[in-house]
Amino acid sequence: MANNKKKEKEKIIYGPPRDEIEVLPGIRRYQFISKSQHRMLTKNLNRIAMVIIALTLTFVIFKAVLIGTGYSIYCLEDRACMRVLSQPEGENCPEYIFPVEMVISSRTADYERFIRQGGLRCTQCGNCTKWCILDINIPEVAARMQELTLEALAKGKIDSELILEEGFIDPQTREPLTEAAATARYSQPGYEKVLRLYTEMMSIIEQREVRFAAR
Ligand code: SF4
């Protein structure tokens with residue numbers, strides 16, 4: 001009886017969730033945890049959820065610092081850097097990359113997201129950095145992630161297909177570049193680092209295929 005009363009006391013009664021405001025027509029944003037009506041049913045469950053969130057954040061922060069992409073922790077994901085995409089030629093992103101996606105993927109060394117978002121094609125020109133309200137050094141984060149991705153490819157942690165299909169594409173057509181097209185594009189001034197990365201990655205993939213063929 002006393003136990004039941006205690007349980008009743010522990011239970012938090014919230015009203016029915018109210019309709020959230022529409023962010024875009026038909027799209028509502030639900031913010032779990034931060035709003036009382038989305039919290040767990042009891043205080044203890046809330047505490048457990050908070051501990052899990054705190055541990056996850058600690059893991060993300062430590063991982064980013066340890067792998068050398070610590071700048072990415074400061075990213076507010078406000079997408080201010082995306083303004084680079086609407087700038088005139090020479091001041092825009094030459095590869096039409098969403099810089100914010102590159103930065104987010106670098107927090108946890110999410111290679112697949114980094115590759116799919118065009119991170120390997122980042123020339124590190126720095127045009128996007130001036131739009132970042134926190135002055136995050138986006139080229140430095142991209143450069144470190146490119147190094148890590150190269151190492152991961154060499155260790156066999158990344159599928160060759162992913163690099164070939166998504167790594168080096170034409171930013172307009174979104175189609176993978178042929179070897180000749182990639183060499184021509186990345187031989188332009190400003191693309192020196194991308195050319196080096198492309199050459200090293202292709203050489204790793206070639207050696208991998210030779211090994212497979214020899215089996
Ligand atoms: S630093 Fe990379 S992401 Fe930023 S504008 Fe230059 S190429 Fe694009």
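First, the conventions. Residues are numbered from 1 along each chain as its sequence is written. This is a predicted model, so local features need pLDDT of at least 70, side-chain atom pairs count only at pLDDT 80 or more, and totals for chains, interfaces and linings use all residues.

On confidence: pLDDT is the predictor's confidence in each residue, from 0 to 100. The protein chain averages 86, and 81% of the residues score at least 70. Confidence is lowest in helix H1, residues 2-10, with a mean of 57. Helix H5, residues 138-154, is where confidence is highest, at 97.

Now the layout. Helices (H or I, at least four residues) and strands (E, at least two) are DSSP runs, numbered from the N terminus. The protein chain has eight helices and two strands, and along the sequence the pattern reads α-β-β-α-α-α-α-α-α-α.

For burial, I count other C-beta atoms within 10 Å of a residue's own, with C-beta atoms placed from the backbone: 20 or more is buried, 12 or fewer is exposed, and in between is partly exposed. Of the 215 residues in the protein chain, 23% are buried. For contacts, the C-beta atoms of two residues, again placed from the backbone, must lie within 7 Å. Among contacts with a separation of 6 or more, 59% are between residues 24 or more positions apart.

Next, helix H3, residues 99-107. After H3 comes Ala109, with a positive phi near 50 degrees.

That brings me to the helix pairs. Axes here are lines fitted to C-alpha atoms, for helices over the stretch in contact, and angles run from 0 to 180 degrees between N-to-C directions. Under 35 degrees counts as roughly parallel, over 145 as roughly antiparallel, 65 to 115 as roughly perpendicular, and the rest as oblique. A crossing is left-handed if the near helix is turned anticlockwise from the far one by less than a right angle, and right-handed if clockwise.

Start with H3 and H5. Their axes are 10 Å apart, and the packing angle is about 55 degrees. The two helices are therefore oblique to each other. The crossing of H3 and H5 is left-handed. From H3, Pro99, Met102, Val103 and Ser106 meet Ile138, Val141, Ala142, Arg144 and Met145 in H5. By class, that contact has seven nonpolar residues, one polar and one charged. In that tally, Ala, Val, Leu, Ile, Met, Phe, Trp, Tyr, Cys and Pro count as nonpolar, Asp, Glu, Lys and Arg as charged, and the others, Gly among them, as polar. One general point on helix faces: an α-helix has 3.6 residues a turn, so residues three or four places apart point the same way.

The second pair is H5 and H8. At what angle do their axes cross? The crossing is at roughly 10 degrees, and the axes come within 10 Å. H5 and H8 are therefore roughly parallel to each other. Gln146, Leu150, Leu153 and Ala154 in H5 meet Leu197, Glu200, Met201 and Ile204 in H8. Six of these contact residues are nonpolar, one is polar and one is charged.

The crossing of H6 and H8 is left-handed. On the H6 side, Ser160, Ile163, Leu164 and Gly167 meet Met201, Ile205 and Arg208 of H8. This contact divides into four nonpolar, two polar and one charged residue.

Last, the loops. Arg79 is in the loop between H2 and H3, and its phi is positive, near 65 degrees, in a residue other than glycine. Arg79 counts as partly exposed because it has 13 C-beta neighbours inside 10 Å. Gln124, in the loop between H4 and H5, has a positive phi of about 65 degrees although it is not a glycine. With 18 C-beta neighbours inside 10 Å, Gln124 counts as partly exposed.

Cys81 is found in the loop between H2 and H3. Is Cys81 buried or exposed? With 26 C-beta neighbours inside 10 Å, Cys81 counts as buried. Leaving aside neighbours within four places in sequence, Cys81 is in contact with Pro99, Val100, Cys128, Trp131, Cys132 and Ile138. Cys81 and Ile138 are 57 residues apart in sequence, and their C-alpha atoms are 9.4 Å apart in space. Pro99 and Ile138 also belong to the contact of H3 with H5.
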